[in-house]
Structures are given as structure tokens and as C-alpha cells.
Amino acid sequence: MHTSSRAADSGLRLPAPDRVVSSRTGYTRETWLAVADHLLDSLVPWFSESGAQVRLPGRGSWSGADCDGLEGFARSFLLAAFRIAAGAADERLIERYARGLVAGAGGEWPRLTPCSQQMVEAAAIAVGLHESRAWLWDRLDGREQQVVVDWLSGFVGSRTWDNNWRLFQVVGEQFLASVGAPYAQDDIDAGLERIEDWYVGDGWYSDGPGQNFDHYIGWAMHLYPGLWTRMAGPSADGRLAVYRERLHRFIEDAVHLTGSDGAPIHFGRSLCYRMATAAPYWMGTLLDATPLTPGQTRRLCSGTLRHFIDHGVPDGRGLLTMGWHHHFLPVTQPYSGPASPYWASKGFLGLLLPAEHAVWTAREEALPLDEGDQVRAMPAPGFLIQATKHDGTVRLLNHGSDHGGEGDPHYNRLAYSTRTGPELTEHAVDNQIQLGTQGGRVQIRRRGVEGSSAASWWEAGGARVEVASVVHGRIEVRCALVDGPAGVVRHGGYAVAGVERPHADTGGLWAQVTRVDRLASVVVGLWGYERAGVRRGLDCNAFGPQSATPYLEAEHDGKGPRVLVAAVVLSGDTVWPRQLGESVDVAVNGAEVTVRFVDGTRAVVRLGEEVQDGGTAAGAGAPA
């Protein structure tokens with residue numbers, strides 16, 4: 001057996017890396033099985049006497065201890081079901097969950113009531129029962145099966161929240177239908193019809209009404225329809241073709257949301273689900289609905305698993321904690337409890353693919369970012385992806401997802417990446433443009449995403465801010481049009497944790513922070529800015545306890561809109577701020593900004609113009 005030092009800290013022992021079949025990650029199907037077994041074995045001490053609850057230590061959710069215990073059982077049962085279906089599972093694992101299932105459904109779990117957290121966990125149980133049916137459900141006697149049916153029947157005719165929760169009812173009742181229990185076809189049809197209202201094109205759904213684009217699109221909006229087709233069988237054929245086409249198109253975009261090191265974009269809510277980001281890629285293979293080769297799929301999914309293993313996940317107890325690389329509660333939401341991270345089970349969906357499937361036997365193949373820099377416009381969610389091969393970093397420029405205009409720092413920043421997280425404090429400036437005390441973005445108004453540019457605007461208090469981004473290599477040029485009352489405009493770059501060398505040069509109008517592994521965040525004023533600085537943070541970043549953000553400032557006199565232009569860089573290589581500033585030439589004529597890069601590439605940004613949906617405020621021209 002083999003293990004990295006970080007894996008050893010949790011007692012996880014992995015098979016020796018296979019550098020022939022898995023030349024990029026070293027991970028194989030046996031690695032996935034070993035991790036699944038370790039996660040499941042580490043939960044044994046936390047089972048209740050009856051086996052119905054898995055009560056993990058940590059901050060409880062707003063749903064209460066009984067529901068948190070159910071969550072621990074249900075979400076780990078999904079992992080157990082995938083592990084059981086993979087073959088050669090320990091009989092004690094099957095018995096453990098069978099016993100807990102009957103005890104919980106028989107009275108130890110809260111009943112399913114409208115819009116209750118129990119619905120979420122019941123969906124996990126329904127899916128798990130379907131996928132492990134021959135090993136678990138079919139072994140229950142008639143009385144035990146009826147106990148489970150009676151509990152799951154709380155779905156029938158009930159009501160859920162109007163977002164991805166609609167799909168919990170769909171899979172819950174489809175399982176009831178599959179075992180000959182009473183169900184309501186109208187509930188299933190209504191849930192599947194409802195998500196049609198949220199389909200925005202190019203493979204993207206919104207998670208409910210509004211502009212809700214994040215990892216839930218992959219691990220929920222595409223995952224559950226795919227699981228439903230597996231449960232419904234031939235009766236799903238009418239919808240299966242549609243779901244396959246959409247998933248295929250989604251993966252064409254989503255493959256660009258993971259760094260070369262396997263790290264997902266640190267963006268959106270429920271980030272403690274971690275490896276669940278692999279779920280849509282496995283589902284693409286299960287449904288034969290992916291543009292990726294089998295070797296690319298495994299390279300992508302195994303890369304993500306390895307990323308978290310290499311960063312200390314699970315912890316020394318073998319548990320998944322509420323955080324990202326380590327326990328960090330600010331990255332979680334009030335609905336999250338100590339077992340919530342076990343939605344990572346979704347990322348083990350690939351274990352349903354047999355050992356002889358090409359996804360396990362083919363050699364790993366390069367992903368687009370392994371081959372070269374990537375710029376990917378995603379107009380449907382309003383994203384512009386900027387990724388660089390030399391450091392494997394992916395940056396998501398967000399001009400479209402605001403999650404209902406709540407002002408959540410996991411949605412309201414101008415950019416996110418695979419190597420940084422937002423500062424979770426009310427005084428944060430990272431990836432924001434603020435006027436005075438008006439705060440940052442809340443509700444995003446799109447202007448469009450096209451080619452290598454994207455634009456949006458928002459209002460905060462009495463201020464109106466419009467931003468257009470133009471990307472070129474590792475450089476993002478942010479052009480802003482700020483209008484509102486007199487005050488200081490503050491514009492931050494990426495926040496970096498583990499900072500070793502922060503520095504600001506007001507005379508040179510640049511600020512830089514660099515951490516020990518050379519990851520550098522830099523902002524350089526190109527037009528209109530007057531000062532530069534660095535803001536430090538403590539215990540407010542998911543990537544480490546000490547963090548810092550470079551920023552620029554300008555005085556706004558309140559007498560009309562002002563144009564400001566800056567270069568923003570996040571790079572794993574050395575950045576020379578002065579030379580960076582000299583490599584980008586900016587000319588401003590009213591609200592029109594002409595940007596010329598050192599290689600002759602030219603872009604014209606027109607701020608303050610009204611554009612039609614699907615248009616863009618920035619046009620990247622050919623080299624001139």
C-alpha cells in the first residue's frame with residue numbers, strides 16, 4: 001500500500017500509484033474503492049446503537065440533532081450504495097445500513113413533512129436503495145420493506161422548495177413506483193416539467209428562478225434527472241434524449257471549471273461537498289452523454305479526488321469536515337450540519353461503472369487545460385473562464401450569477417479561482433469595486449459575454465457601477481464606469497491566503513501579495529487610480545488563517561461618471577508589476593476604452609451603452 005503524508009495523517013492507505021494507466025494522477029478504481037472504504041469505516045464509531053443515526057461532532061444545522069443524525073446516515077448510505085454496487089463489499093457494511101434503515105424508517109427518523117430537510121435525505125436513501133437494490137432492498141422481508149415505503153410515502157402529494165428540491169420528490173416517488181408502492185405520477189411529472197422553466201440554454205439550468213448558477217447545476221440539476229432515468233427505465237425514454245443532449249453540452253463548458261491540479265472553482269454555496277463536483281462527469285459516462293473520452297473523464301475526476309486527499313481531506317479521524325481543505329465554518333451555510341459534507345458521496349458515482357469499463361481501463365488523457373491556455377465564454381450563466389496552462393489555474397469572471405441578489409460573498413465577487421477564496425468579512429475588498437460605504441454587488445445586471453470579454457452592471461445604494469472584463473493570457477483588464485455620490489472608489493484583486501510578501505507602491509500605482517508557493521495576486525492601475533494598498537485578513541479565508549488583498553483607490557467627486565481601468569493578475573509564476581503595467585496600453589475617449597496588449601492584440605470597450613440581451617459591451621479585436 002502507498003499513501004501521501006497528508007493521507008497518512010487520516011489513516012488512509014492507498015494502493016500504489018499506477019503511472020502507466022494513470023500517468024497524470026496515479027489513481028485507479030482501486031484508489032477510489034480504498035477512499036470509499038476508509039470514509040465508511042471511519043463513520044462506524046459515530047453510529048447510534050440502533051444504527052439509524054450517524055451523529056458526527058461539530059456545529060449542528062438549523063434542522064436539529066435528529067435531522068442531522070438522519071443526514072449522517074442518508075448521505076453516507078449513498079456512498080455505501082455505490083460501494084456495494086461496485087462489488088466485493090463487506091457484508092457488515094450491507095448489514096449495518098439495512099439495520100439502520102429499518103430502525104430509522106420505523107420511527108427514529110423525523111417524518112417527511114412539506115419543505116423539510118428530511119426530504120433531501122430521503123432522496124439520498126431512495127437513490128441508494130435503487131442502486132444497491134439486489135444487495136439490500138431485495139433482502140429485506142415484506143414487513144421491513146413496508147416500513148421503509150411508509151416513511152418514503154411522505155413525498156406523495158407533498159410540497160418542496162422551488163429549486164433543485166423538486167427533484168428530490170421526483171426520485172423519491174420514482175423509487176416508490178419501482179417497488180410497486182403508491183405514488184403520484186403528477187408529482188413526478190410536475191417536478192420534471194418545472195426544471196424546464198429553469199433551462200437557459202447551452203446545457204445550463206438555473207437552480208430555481210433567477211440567476212442561480214453554481215456547482216448545483218452539475219451535482220443536482222443534471223445529476224438527479226440522470227438518476228431518475230436509471231430508476232424509471234423505458235418510461236424515461238421520452239426525456240432521456242433531452243437530458244443526454246443537455247448534459248453533453250454542459251460538460252463541454254464544465255470541463256473548464258477545474259484546475260490542472262484537480263481543484264474545482266471555489267465559488268457558490270455548499271462548498272463543503274467538495275468531490276461532489278465530479279458527479280456530472282461520471283453521469284455523462286453512465287448516460288453516454290459526454291464529449292470527454294473515458295481517459296479524460298477519469299483524469300478529471302481522479303484529479304479532483306487527489307486534490308482533496310493531498311490537502312488533508314479527510315481529517316485525522318477519517319471524517320469530512322465543514323470546510324474546504326480544512327475545517328472552516330464561515331464557508332458553510334446555516335442549513336449545513338456536521339454530516340452535510342457527505343454529499344461528497346455524489347462524486348463516487350463512477351463506482352457504478354464496472355471494473356472492465358473503459359473509464360477505468362483506458363489510459364488517462366489530457367484535458368484542454370493540460371494542452372494550453374483556455375478562454376471560454378459561457379453566455380448562459382454569464383461566465384468568462386480564463387485559464388493558464390503554466391500554473392494550471394482557472395479563473396471564473398462572474399458577470400451573471402447572483403443567487404437572488406443576497407450579497408453572498410460566494411456569488412457577489414467579480415472573479416473566483418481554483419486557488420483562492422473570497423474574504424468572508426464585511427470589510428472585504430477582494431474582487432470588488434466599491435464606492436464609499438455603498439458595498440459591493442448584490443443583483444447583477446448582465447450586458448453580455450462574448451469571445452474574450454464580458455460585462456455587467458449593478459447598483460448599490462446611490463452608486464451605479466459598470467464593469468467590463470477583457471482577458472489576454474494571465475491578464476484581466478477591468479474597465480469600470482462609476483457614478484454616484486462623492487467618495488473613495490476601492491477596487492480589489494484576488495485575496496491570497498498564506499501570504500509571505502505583501503507590497504504596495506503608490507507611486508507606481510500597483511499592489512502585490514505573494515504566498516510561499518509563489519502564487520501572486522497583483523493589481524496595477526492603468527487609468528484613473530491614485531493610490532494602492534494591501535488589506536490583511538485573519539481567519540476569514542477558507543485557504544488559510546492569514547490572507548491579504550491588493551487594492552487600488554481613486555477619489556470620485558460625485559459630479560458625473562468616472563472611468564477607471566486596472567490590470568488584475570493571479571498567477572503561479574513571478575509577476576513584475578511595473579513591467580505588467582507597461583505591457584498594456586490604455587486610451588480613454590469619454591466612456592470608450594481602447595486596450596492594446598504588448599503583442600498587438602486590441603480590444604475596444606464601450607461603457608455606458610445599452611445593449612441587447614446576448615450582446616456585449618466589450619469587443620476584442622484582431623491584432624492591430
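Author: The chain's secondary structure comes to 15 helices and 23 strands. The model is a predicted one. The C-alpha trace spans about 80 × 50 × 40 Å along its principal axes. A compact globule of 624 residues would have a radius of gyration near 25 Å, and the chain agrees because its own value is 25 Å. Of those 624 residues, 63% count as buried. The accessible surface comes to about 21,700 Å². Carbon and sulfur atoms hold 48% of that surface.

Now the empty space. Rolling a probe the size of a water molecule over the atoms shows where such space is left.

The largest pocket has a volume of about 510 Å³. Its lining has 31 residues, and the closest to the pocket centre are N163, W165, Y216, R269 and Y335. By class, the lining of this pocket holds 16 nonpolar, eight polar and seven charged residues. Two helices, α5 (117–131) and α9 (216–232), each supply at least two residues of the lining. The largest share comes from α9, with four residues.

The whole structure has six cavities of 30 Å³ or more. The largest cavity holds about 120 Å³ of space. Of the 14 residues that line this cavity, the closest to its centre are H215, F250, L257, T277 and Y281. Nine lining residues of the largest cavity are nonpolar, four are polar and one is charged. Three helices each give this lining at least two residues: α9, α10 (237–254) and α11 (279–286). Here α9 gives the most, with three residues.

The lining of the second largest cavity divides into seven nonpolar, five polar and two charged residues. Its helices are another set to follow. Both α12 (294–310) and α14 (368–371) supply at least two residues of this lining. The most comes from α14, with three residues.

Finally, look at α11, one of the helices that line the largest cavity. Eight of the eight residues of α11 are buried, so the rest of the structure largely encloses this helix. The buried residues are A279, P280, Y281, W282, M283, G284, T285 and L286. Among them, Y281 is also one of the residues closest to the centre of the largest cavity. The buried residues of α11 pack against α2 (29–43), α9, α10, α12 and α13 (358–361). Of these partners, α9 and α10 also supply residues to the lining of the largest cavity. Another partner, α12, supplies residues to the lining of the second largest cavity. After α11 comes D288, whose phi is positive, near 55°.

Methods:
Residues numbered from 1 in each chain as written. Predicted model: local features only at pLDDT ≥ 70, side-chain atom pairs only at ≥ 80, totals over all residues. Heavy atoms only, no water. 1 Å grid on protein atoms, 1.4 Å probe; cavity = no way out; pocket = protein on both sides within 12 Å on 5 of 7 lines; lining within 4 Å. Points joined across faces, edges and corners; volume = space filled by probe spheres on them. Nonpolar A, V, L, I, M, F, W, Y, C, P; charged D, E, K, R; others polar. Rg over C-alpha atoms; globule rule 2.2 N^0.38 Å. Buried < 20%, exposed > 50% of the residue type's maximum accessible area, 1.4 Å probe, protein only. Areas by Shrake-Rupley, 256 points an atom, 1.4 Å probe, with all protein chains shown as cover. Contact = heavy atoms within 4.5 Å.
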